[in-house]
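Me: I have a structure here that is new to me. Can you walk me through it?

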Amino acid sequence: MNELAEIISKNEDRIRAEWIRDMSKSVQRADLMGKAELDEQCRALLGAIVQGLKTNGPADVTTTGWNTARELLQDISASRARQGFSSVEVATFVLWLKQPMFASIREELGKNQDKLLDTIWTATELLDRLALLTTEAFLAAREELISRQQQELLELSTPVVKLWDGILALPIIGTLDSARTQVVMENLLQTVVATNSKFAIIDITGVPTVDTLVAQHLLKTITAARLMGAECIISGIRPQIAQTIVHLGINLEDVVTKANLSDAFALALLRSGRTVTRLSSAKVRPISNFLTKREE
Amino acid sequence: MERIPVLRMGTLLLITIQVDMHDKLAMQLQDDVTQRISEWGSTGVLIDISSLEIVDSFIGRMLANIAAMSRVLGAETVVVGMQPAVAITLVELGMSLPGVRTALSVEAGMELLFGAAALNFGSGDERTEA
Amino acid sequence: MSVLKREILPLKTSNDVVLARQKVRQWAVELRFSLVDQTKLVTAASELARNALDHGKGGSMTIELLNVGAKSGLRLIFEDQGPGIPDIEEALKDGFTSGSGMGLGLGGSKRLVNEFSIESEVGKGTRVSVARWK
């Protein structure tokens with residue numbers, strides 16, 4: 001179907017100008033993309049389409065002659081996805097090419113009805129395929145963005161807090177699935193090394209349900225910490241959770257557990273050779289003393 | 001042939017594993033440790049794996065073996081400095097190395113051992129003549 | 001799916017296992033896998049390479065760089081012409097086994113990768129293929 005390639009080549013400038021004009025009339029995104037950039041993209045795509053047509057023909061856009069066109073469309077889609085264009089705007093980028101292309105085809109082949117129809121059909125099929133490709137690429141880019149954001153959210157939602165020298169606390173809020181466990185483990189273990197902390201208190205007050213899977217995930221974390229030389233204490237076990245654990249037959253024999261975080265903290269302090277003492281009342285001053293300057 | 005050096009610090013044996021070990025090297029280390037404990041009457045073995053980026057089941061078993069054999073010979077073993085990625089992988093692999101004591105650093109490891117050694121009979125001096 | 005790069009390494013000596021580990025590490029670093037993912041893949045490679053050598057009496061490791069759309073990954077194929085594994089299900093179970101010593105290797109390795117497949121025929125050999133995606 002080199003005819004289509006010829007027609008496009010011959011009328012390239014006009015097709016491009018009309019294409020850009022039609023697009024600008026309906027899809028106003030001057031805020032996201034400058035004129036020069038748009039012009040360059042259209043020029044490149046038209047060139048790539050001609051190349052594809054001349055090398056492999058219009059039927060199969062996965063062939064090597066269409067590599068340039070495909071890569072171009074993928075780049076355009078991905079960058080527009082990141083810039084904030086909608087999926088409709090991205091797909092219509094290709095589809096708006098139809099009108100100018102048909103106009104040129106009719107001009108060149110107007111006399112020959114059969115040829116006219118065939119060529120228009122070929123052109124419309126081709127552009128539909130390319131538009132689908134564009135949408136596919138757009139969706140892929142969006143999915144990648146979403147998964148990246150999910151990852152960031154995961155990392156933000158499991159902070160590791162230093163309670164004291166060598167004692168860390170890890171309050172977990174929400175469900176503990178395997179993806180989250182990976183993040184939790186990595187975070188915790190890296191902090192253990194960085195702070196040289198022998199004790200880590202994993203508080204599960206904010207974990208709604210603890211079934212066998214969640215227990216497994218917790219045990220993995222505890223075992224990994226132990227392998228490195230740190231000990232974990234689980235705290236924040238609500239009464240219902242305690243019942244579930246027993247009912248499910250989950251074995252927590254090797255795990256130190258405490259009902260609440262303060263008990264766990266007290267234990268960690270003790271185990272690390274420290275104790276909390278009360279100062280004699282003569283020595284106790286109100287906090288406000290520390291906030292204002294005062295002669296002692 | 002190349003071996004992993006086993007250093008002596010009083011009653012302590014200090015081993016730092018820094019190379020990517022092939023199996024023969026690992027077996028040699030096992031032999032050397034047991035040999036040295038007998039020879040020097042050591043009561044503590046400290047293995048520093050902070051440079052090891054990979055610990056597979058073979059190396060894991062080696063560490064467990066060294067700990068077990070040393071214990072039979074009257075010495076306690078502590079493995080120190082396991083990297084986080086290694087710990088995560090070992091757990092996934094299914095190895096928890098029970099019977100192998102661990103510590104975060106060489107200092108922490110020595111604290112553990114000297115605390116433990118204090119409970120052992122004598123300080124090793126009785127065994128130096130032969 | 002396309003294979004962008006491929007290399008085959010022999011597994012005939014215990015030093016080859018070390019070389020195999022280093023090669024997998026190198027490619028994983030190139031692909032910018034996270035440290036934990038790198039460690040998992042290299043450890044799995046170490047397990048399987050050792051199996052091919054010890055149990056399979058020597059073989060090879062093929063390493064491939066894969067690409068599907070925007071996703072990239074590494075595939076490792078371990079082949080040997082050894083005695084084969086009579087009961088694959090049993091071999092995949094965890095725990096130390098007496099004798100063959102394969103207990104921990106296969107089942108554990110499976111958990112370290114995203115894709116795992118194994119074919120084995122008694123008297124003919126074994127082929128284990130694993131892949132990890134970025």
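Reply: What follows covers a sheet, its helices and a chain contact. This is a predicted model, where local features need pLDDT of at least 70 and side-chain atom pairs count only at pLDDT 80 or more, while totals for chains, interfaces and linings use all residues. Residues are numbered from 1 along each chain as its sequence is written, and chains are lettered from A and ligands numbered from 1 in the order in which they are written.

Me: What is the order of the strands in the open sheet of chain A?

Reply: The five strands run 1-2-3-4-5, with mixed pairing. Strands are DSSP runs (E, at least two residues), as are helices (H or I, at least four), numbered from the N terminus; two strands pair if DSSP finds at least two bridges between them.

Me: Which strands stand at the edges?

Reply: Strand 1 (161-164) and strand 5 (256-257) of chain A; each has a single partner strand, so one side of each lacks a neighbour in the sheet.

Me: How do strand 1 and strand 2 of chain A pair?

Reply: Antiparallel, over three bridges, with strand 2 of chain A spanning residues 167-173. A:Lys162 is opposite A:Leu168 of strand 2.

Me: Switching topic, how many residues of chain B are in contact with chain C?

Reply: 17 residues of chain B, with 22 residues of chain C. Contact means that C-beta atoms, placed from the backbone, lie within 7 Å.

Me: Which element of chain B gives the most to that side?

Reply: Helix 3 of chain B, with six residues. Helix 3 covers 84-93.

Terms used. Two residues are in contact if their C-beta atoms, placed from the backbone, lie within 7 Å.
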